[in-house]
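Please report on the model shown below.

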Amino acid sequence: MKGAEDVQAEREAKQREALAEFDAVLQPASPATPLIEAAFYRGQIHLDRGELAGALADFTRVISERPRFAPAYALRAKTQFLAGRNQAALEDLTTLAGLDAERTIDPESAQAYQQRGGHLRRLAAELEGTA
């Protein structure tokens, strides 16, 4: 039976391997169109490892390539909060709320506050689970 240290070491080894593969896919020498999904998954690994700058860079890259990809905004908002960039995180949640509503919404509207509140509750519950 594996101990907690063995499981953690195995997880870290798999993450290192995945990061290397994602890095290779995202290199300029890769095919003409890099798989932007690799940046999204690499960002998740960076976030999981507490590498906030790398996570922010990857989620921002995904958003620039696919501006309607809601999960990237959600994870970038989470990363922004963890980095202490609360205003930027709220802006991402406002954009996410607009994507949920399938239109741009007024950030001061009741709908925006309600949707940001829902996202914040889910995010807080997720962060409490990792603490």
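Is Phe22 buried or exposed? Phe22 has a relative accessible area of 19%, so the residue counts as buried. The cut-offs are these: buried means under 20% relative accessible area, exposed means over 50%, and partly exposed lies in between, with a 1.4 Å probe and protein chains only.

This is a predicted model, in which local features need pLDDT of at least 70, side-chain atom pairs count only at pLDDT 80 or more, and totals for chains, interfaces and linings use all residues. Residues are numbered from 1 along each chain as its sequence is written, and side-chain values use heavy atoms, with hydrogens and water left out.

**Overall build**

The chain has six helices and zero strands. Its pattern along the sequence is α-α-α-α-α-α. Helices (H or I, at least four residues) and strands (E, at least two) are DSSP runs, numbered from the N terminus. Of the 131 residues in the chain, 34% are buried. The accessible surface is about 8,100 Å², and carbon and sulfur atoms hold 54% of that surface. Such areas come from the Shrake-Rupley method with a 1.4 Å probe; for residues, only the protein chains shown count as cover. Contact means heavy atoms within 4.5 Å. Among contacts in the chain with a separation of 6 or more, 37% join residues 24 or more positions apart.

**Aromatic rings**

A pair of aromatic rings is described by the distance of the centres and the angle of the planes. Rings of Phe, Tyr and Trp (its six-membered ring) pair if their centres lie within 6.5 Å; planes under 30 degrees apart count as stacked, over 60 as edge-to-face and the rest as tilted. The structure holds four aromatic pairs. One of them joins Phe22 and Tyr41: the ring centres are 6.3 Å apart and the planes stand at 25°, so the pair is stacked. Tyr41 is partly exposed, at 42% relative accessibility.

Phe40 and Phe69 form another pair. Their ring centres are 5.1 Å apart and their planes are at 80°, so the pair is edge-to-face. Phe40 belongs to helix α2 and Phe69 to the loop between α3 (52–65) and α4, so the pair ties together parts 29 residues apart in sequence. Phe40 is buried at 8% relative accessibility. Phe69 is partly exposed, with a relative accessible area of 30%. One aromatic cluster is formed by Phe22, Phe40, Tyr41, Phe59 and Phe69.

Where does Tyr73 lie? Tyr73 is in helix α4. The residue is buried, at 8% relative accessibility. Beyond its neighbours within four places in sequence, Tyr73 contacts Ile63, Pro67, Asp92, Thr95, Leu96 and Leu99.

Two of these partners can be followed further. Ile63 sits in helix α3 and is buried at 8% relative accessibility. Leaving out residues up to four places away in sequence, Ile63 touches Ala72, Tyr73 and Arg76. Asp92 is in helix α5. Its relative accessible area is 4%, so Asp92 is buried. With residues up to four places away in sequence not counted, Asp92 touches Tyr73, Arg76, Ala77 and Gln80.

Phe81 is also placed in helix α4. Not counting residues up to four places away in sequence, Phe81 touches Asn86, Ala89, Leu90, Leu93, Leu120 and Leu123.

The table lists C-alpha separations.

| Residues | Apart in sequence | C-alpha to C-alpha |
|---|---|---|
| Tyr73 and Thr60 | 13 residues | 8.4 Å |
| Ile63 and Tyr73 | 10 residues | 7.2 Å |
| Phe81 and Leu123 | 42 residues | 9.7 Å |

**The largest pocket**

The largest pocket holds about 190 Å³ of space. Its lining consists of Ala74, Leu75, Ala77, Lys78, Leu93, Leu96, His119, Arg122, Leu123 and Glu126. Helices α4 (70–82), α5 (86–100) and α6 (110–130) each give two or more residues to this lining. By class, the lining has six nonpolar, one polar and three charged residues.

On a 1 Å grid over the protein atoms alone, a pocket is an open set of points where a 1.4 Å probe fits, with protein on both sides within 12 Å along at least five of seven lines; lining residues have an atom within 4 Å of a point.

Notes
Points joined across faces, edges and corners; volume = space filled by probe spheres on them. Nonpolar A, V, L, I, M, F, W, Y, C, P; charged D, E, K, R; others polar.
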